[in-house]
Amino acid sequence: MVSVAVLASHSALDVLDGARDEGLKTIAVAKRGRDRAYREFPVVDKLIVLDDYRDILKIVDELRREEAVFVPNRSFAVYVGYDAIEREFAVPIFGNRYLLRWEERVGPQNYYRLLDEGGIRRPRTFRVDEVDRPVIVKMPEAERRVERGFFIARDRDDLLKKARRLADAGVIKLEDLQSASIEELVLGAHFNANYFYSVVRRRLELHSFDRRIQSDLDGIYRLPARDQLELDPEVRYVEVGHEPATIRESLLEKVFDIGYRFVEAARRLVPPGVIGPFTLQFIVTPQLDLVVYDVAPRIGGGTNVYIGVGGQYSKLYWGRPISIGRRIAIEIREAAERGFLSEVTT
């Protein structure tokens with residue numbers, strides 16, 4: 001019988017809980033020192049602990065013996081790497097493994113291309129010498145390369161001044177600035193829309209919304225304005241959690257529109273396109289326009305907020321709320337039962 005495997009990080013608990021709800025065997029592949037949650041919560045049938053996440057390439061045969069379908073998350077993409085995922089990880093992956101590298105902002109495969117192909121509005125991007133307005137600079141931290149070294153600047157001179165200050169403080173590397181993504185600063189309300197494209201049912205589903213909780217930005221929000229000015233802290237954008245959200249119902253038309261546009265763009269650029277979950281992160285402007293500023297072509301990081309309660313909009317499809325993790329398990333189970341598991345895996 002097919003089992004569901006996942007790298008034990010990011011949104012793994014949602015995946016594991018959903019698979020258990022559907023009666024599927026669960027496998028968690030953890031890194032030593034980060035395995036406690038997967039021992040404490042009784043949703044793991046088999047726990048494999050490795051010294052390094054990339055060592056997952058050494059247990060491919062074991063996963064294949066378990067008839068595992070592997071569900072990718074951001075940690076899998078970051079720690080194992082796109083080349084290894086595409087060429088070495090010979091385990092069926094739920095979804096399109098070749099779409100994962102399109103989450104990046106730089107290089108020939110990037111989500112700006114996907115958004116442009118779909119005619120989806122996104123922030124305008126600049127080179128350093130082109131900056132003529134407020135921008136947000138998106139780049140990795142100096143040491144923890146998977147974390148955010150983001151900062152906001154008023155103009156080019158302010159950008160260079162802040163970059164030097166952050167580099168002197170050891171937060172970023174100045175040489176990373178040339179490959180940084182520099183986007184116009186779009187003000188508005190932030191939402192993460194969690195979608196699911198079903199190959200079995202040939203339909204796009206909108207399951208839920210969430211919002212990010214970021215450190216130390218969240219703490220700075222809670223300070224009175226005069227204290228913020230007096231302290232003048234260097235704001236960090238390290239993602240540490242998510243919270244549920246709903247959106248104005250009249251905006252759902254536009255939310256569906258960008259979802260369908262993204263699915264069609266991915267089908268054209270990265271066949272077979274989207275399979276299963278993806279998240280579009282967008283800003284709603286005061287003019288009620290949707291501006292997509294980030295893309296997750298796999299399960300989003302905020303789906304854990306709906307463990308045990310399910311995404312609010314999922315009830316409209318299923319008659320009961322279900323999580324994205326359970327929705328993944330339903331698709332895998334039904335595809336296996338109907339004999340076309342190969343159509344939902346790559």
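Mentor: We begin with a definition: two strands pair if DSSP finds at least two bridges between them. Helices (H or I, at least four residues) and strands (E, at least two) are DSSP runs, numbered from the N terminus. The model is predicted: local features need pLDDT of at least 70 and side-chain atom pairs count only at pLDDT 80 or more, whereas totals for chains, interfaces and linings use all residues. Residues are numbered from 1 along each chain as its sequence is written, and side-chain values use heavy atoms, with hydrogens and water left out.

Trainee: What makes S5 and strand S8 a pair?

Mentor: S5 and strand S8 (residues 181-184) are joined over two bridges and run antiparallel. The rule asks for at least two bridges, so they are counted as paired. Within S8, Ile-182 is the bridge partner of Phe-126.

Trainee: Why are strand S5 and strand S7 said to stand at the edges of their sheet?

Mentor: The sheet is open, with four strands in the order S5-S8-S6-S7 and antiparallel pairing. Strand S5 (125-126) and strand S7 (151-153) each have a single partner strand, so one side of each has no neighbour in the sheet.

Trainee: How do you know that helix H7 packs on this sheet?

Mentor: Contact means heavy atoms within 4.5 Å, and helix H7 (residues 156-168) touches strand S6 (135-138), S7 and S8. Angles run from 0 to 180 degrees between N-to-C directions, the axes being lines fitted to C-alpha atoms, for helices over the stretch in contact. By that convention, the direction of H7 makes about 150° with that of S7.

Trainee: Which strands make up the sheet of five, and in what order?

Mentor: The order is S11-S10-S9-S12-S13; this sheet too is open, with antiparallel pairing. Its edge strands, S11 (237-245) and S13 (290-296), each pair on one side only. On average, neighbouring strands are turned by 35° against each other, direction ignored.

Trainee: What makes Arg-333 and Glu-22 a salt bridge?

Mentor: A salt bridge is a side-chain nitrogen of Lys or Arg within 4 Å of a carboxyl oxygen of Asp or Glu. The N to O distance between the side chains of Arg-333 and Glu-22 is 2.8 Å, so the pair qualifies. Asp-294 and Arg-105 also meet in a salt bridge, at 3.3 Å. They link distant parts of the chain, 189 residues apart: Asp-294 is in strand S13, and Arg-105 is in the loop between helix H5 (82-87) and helix H6 (111-117). The count by this rule comes to 38 salt bridges.

Trainee: Why are the contacts of Arg-212 with Glu-239 and Asp-294 called polar?

Mentor: A polar contact is a pair of N or O atoms within 3.5 Å; within protein, one must be able to donate a hydrogen and the other to accept it, and residues adjacent in sequence count only if both atoms are side-chain atoms. Arg-212, in strand S10, has a side-chain contact of 3.0 Å with Glu-239 and one of 3.4 Å with Asp-294. Both values lie within the limit, so the name applies.

Trainee: Which domains is the protein divided into?

Mentor: They are domain 1 (3-93), domain 2 (111-121 + 188-343) and domain 3 (125-184), with bounds from an automatic or database domain assignment.

Trainee: How much area do domain 1 and domain 2 bury between them?

Mentor: Buried area is the accessible area (1.4 Å probe) that two parts lose on being put together, summed over both. Here the figure is about 1,400 Å², 62% of it on carbon and sulfur atoms. In domain 1, His-10, Asp-14 and Glu-22 lose the most area to domain 2, together 39% of what that side buries. Two salt bridges are counted between domain 1 and domain 2.
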